[in-house]
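Biologist: Please take a close look at the pockets of this protein. I would like the space, the lining and the setting in the chain.

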Amino acid sequence: MIRFSKARLCAAVFALSCVTGLQARAAEMAGVQLPDSQTLGTRQLQLNGMGLRTYSLFHVHIYVAGLYLAHPSRNAAAILNSDSPKILQLHFVHNVAAPQVRKAWATGLAANCLAPCSLNQAELSRFLASLNAVSAGETVTFIFQHDKADAYENSHYLGQIADPEFAKLILAMFIGPHVQAPGLKRALLGQTG
């Protein structure tokens with residue numbers, strides 16, 4: 001079941017509120033700096049990888065993404081199947097209109113929902129309808145814990161995805177088998193080249 005406390009689940013996903021303790025800067029990309037680690041409750045999560053999402057032949061910069069894990073890993077399947085907490089942040093550097101946001105999510109979710117995965121169409125429709133335009137400077141964060149994901153926009157709580165399969169599918173859009181941006185996937189997994 002997907003529950004949202006607000007009717008706005010931002011464009012793609014992720015900002016933080018229960019994440020605290022920004023430490024030394026790890027990296028900078030497209031004017032966005034990410035810390036080496038973030039604290040989630042009592043757990044210290046390390047920056048596993050950082051990448052830039054671009055669009056079109058002109059390589060328009062859309063957002064900088066960072067993936068934080070309890071234990072660094074380059075294995076996407078292991079990360080997706082792990083019960084360990086994870087944080088995925090998107091720092092937008094370009095405005096994205098609501099129709100483009102919804103189309104990207106619908107395409108990415110469908111591409112990564114492979115049998116035996118099945119999406120409840122009513123829940124998917126509600127999720128897509130909750131997505132709005134996103135502006136440069138906004139941050140969207142997903143915090144994955146065991147069997148759910150909590151979503152934040154600029155540190156404001158948006159809601160929870162309580163369906164474990166749907167929560168896993170959200171992360172799979174970025175590091176799963178059929179991503180729209182393979183270069184971003186490699187970067188989030190800490191792979192070079």
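Modeller: Helices and strands here are DSSP runs, numbered from the N terminus; a helix needs at least four residues and a strand at least two. On that basis the chain has five helices and 11 strands. The model is predicted.

First, the chain as a setting. The protein chain has 193 residues, and 49% of them count as buried. Its exposed surface comes to about 8900 Å². Carbon and sulfur atoms supply 55% of that surface. Take the contacts with a separation of 6 or more: residues 24 or more positions apart account for 64% of them.

Rolling a probe the size of a water molecule over the atoms shows where empty space is left. The largest pocket holds about 610 Å³ of space. Its lining counts 24 residues. Closest to the centre are R53, Y55, Q100, A104 and Q180. Helix α2 gives the most, with six residues. By class, the lining has 17 nonpolar, five polar and two charged residues.

The second largest pocket has about 270 Å³ of space. It is lined by 16 residues. L80, N112, K168, A172 and P177 lie nearest its centre. Here the elements that give two or more residues are α1 (76–81) and α4. The largest share comes from α4, with five residues. The class count is 10 nonpolar, three polar and three charged.

Next, what follows α2 in the chain. P116 sits in the loop between α2 and α3. A cis peptide bond joins A115 and P116, with omega about 15°. Helix α3 covers residues 121–130, and A129 lies in it. A129 has a relative accessible area of 52%; the cut-off for exposed is over 50%, so A129 is exposed. A129 and R102 are 27 residues apart in sequence, yet their C-alpha atoms are 7.7 Å apart in space.

One more region deserves a look: the strands β10 and β11 and the loop between them. N154 is found in the loop between β10 (148–153) and β11. S155 lies in that loop too. N154 has a positive phi of about 50° although it is not a glycine. For S155, also not a glycine, phi is positive at about 70°. Relative accessibility is 31% for N154, which counts as partly exposed. S155, at 42%, is partly exposed as well.

Strand β11 spans residues 156–161 and contains Q160. Buried means under 20% relative accessible area, and Q160 is at 13%, so Q160 counts as buried. The side chain of Q160 still has a polar partner: it makes a polar contact with the side chain of D150, at 3.0 Å. Q160 and I143 are 17 residues apart in sequence and 9.5 Å apart in space, C-alpha to C-alpha.

Methods: Residues are numbered from 1 along each chain as its sequence is written. This is a predicted model: local features need pLDDT of at least 70, side-chain atom pairs count only at pLDDT 80 or more; totals for chains, interfaces and linings use all residues. Side-chain values use heavy atoms; hydrogens and water are left out. Buried means under 20% relative accessible area, exposed over 50%, partly exposed in between (1.4 Å probe, protein chains only). On a 1 Å grid over the protein atoms alone, a cavity is a set of points where a 1.4 Å probe fits but cannot get out, and a pocket is an open set with protein on both sides within 12 Å along at least five of seven lines; lining residues have an atom within 4 Å of a point. Grid points are joined across faces, edges and corners, and a volume is the space filled by probe spheres set on the points. Ala, Val, Leu, Ile, Met, Phe, Trp, Tyr, Cys and Pro count as nonpolar, Asp, Glu, Lys and Arg as charged, and the others, Gly among them, as polar. A polar contact is a pair of N or O atoms within 3.5 Å; within protein, one must be able to donate a hydrogen and the other to accept it, and residues adjacent in sequence count only if both atoms are side-chain atoms. Contact means heavy atoms within 4.5 Å. Accessible areas come from the Shrake-Rupley method with a 1.4 Å probe; for residues, only the protein chains shown count as cover.
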